Amino acid sequence: MRNWRKAIVALAVVAVLAGFQLQHLLGSGGHQAAAVPRFTLTDHHGRTITEAEYRGQYLLIYFGYTFCPDVCPTSLSTITEALEILGTRADTIVPILISVDPQRDSTEILTDYVAAFSPRMVGLTGTPEQIEAAAQQFGAIYARNGDGTDYTMDHSASIYLIAPDGRLVTTIPHGTPPRGLADMVALKLGG
Ligand code: NI
């Protein structure tokens, strides 16, 4: 009798988790992220960069923009703090900001911005089409809010952990504190 009850409870837990997962996917715009997200973007040297550039390294990828009033600075600080918590274990991790605002985020602005968070952080930009294609691969969404030069960008704020083989390992929800992010990454690093 007890085993039956355990089995039923276990099934209920699985059902709830599956439902949560589905909701999470739908909540992120309905795009299911690609197993190996592809992108073609430009770095601060004006070089074309694809996902293949970073094979062999872990990546923490975030979509945002330098004019963001609060969400991006908070998220990028969280990434920086998590890397500090991880210490030398973070040596194989490259934090990357992909701009969703190529109109204002020149490579110069982007480079100065990411350097303020970490000397290791990389800023990538591209044409609007390249950025849209990259965002779709990760299931990230964004939308311009306002006209002229005085506008904001609404955007999803998840952090994507990419494995050395290019696979998307996990999506870390917005609002995860630095310690939580560090723990999640440490788990995937295997300790
Ligand atoms: Ni932002």
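1. Thr66 is buried, its relative accessible area being 13%, where buried stands for under 20% relative accessible area, exposed for over 50% and partly exposed for in between, with a 1.4 Å probe and protein chains only. The model is predicted, so that local features need pLDDT of at least 70 and side-chain atom pairs count only at pLDDT 80 or more, while totals for chains, interfaces and linings use all residues. Residues are numbered from 1 along each chain as its sequence is written, and side-chain values use heavy atoms, with hydrogens and water left out.

2. Thr66 belongs to the loop between β3 (58–64) and α2 (71–86), helices (H or I, at least four residues) and strands (E, at least two) being DSSP runs numbered from the N terminus. Not counting residues up to four places away in sequence, Thr66 touches Asp105, Ile109, Leu110 and Tyr113, contact meaning heavy atoms within 4.5 Å.

3. The nickel ion has Cys68 (SG), Cys72 (SG) and His155 (NE2) as its protein donors, at 1.9 to 2.2 Å; donors are N, O and S atoms within 2.8 Å of the metal (3.2 Å for Na, K and Ca), and since water is not among the atoms, sites may look incomplete. Cys68, in the loop between β3 and α2, and His155, in strand β7 (residues 152–155), are 87 residues apart and link distant parts of the chain.

4. Leaving aside neighbours within four places in sequence, Ile61 is in contact with residues including Phe39, Ile96, Phe138 and Tyr160.
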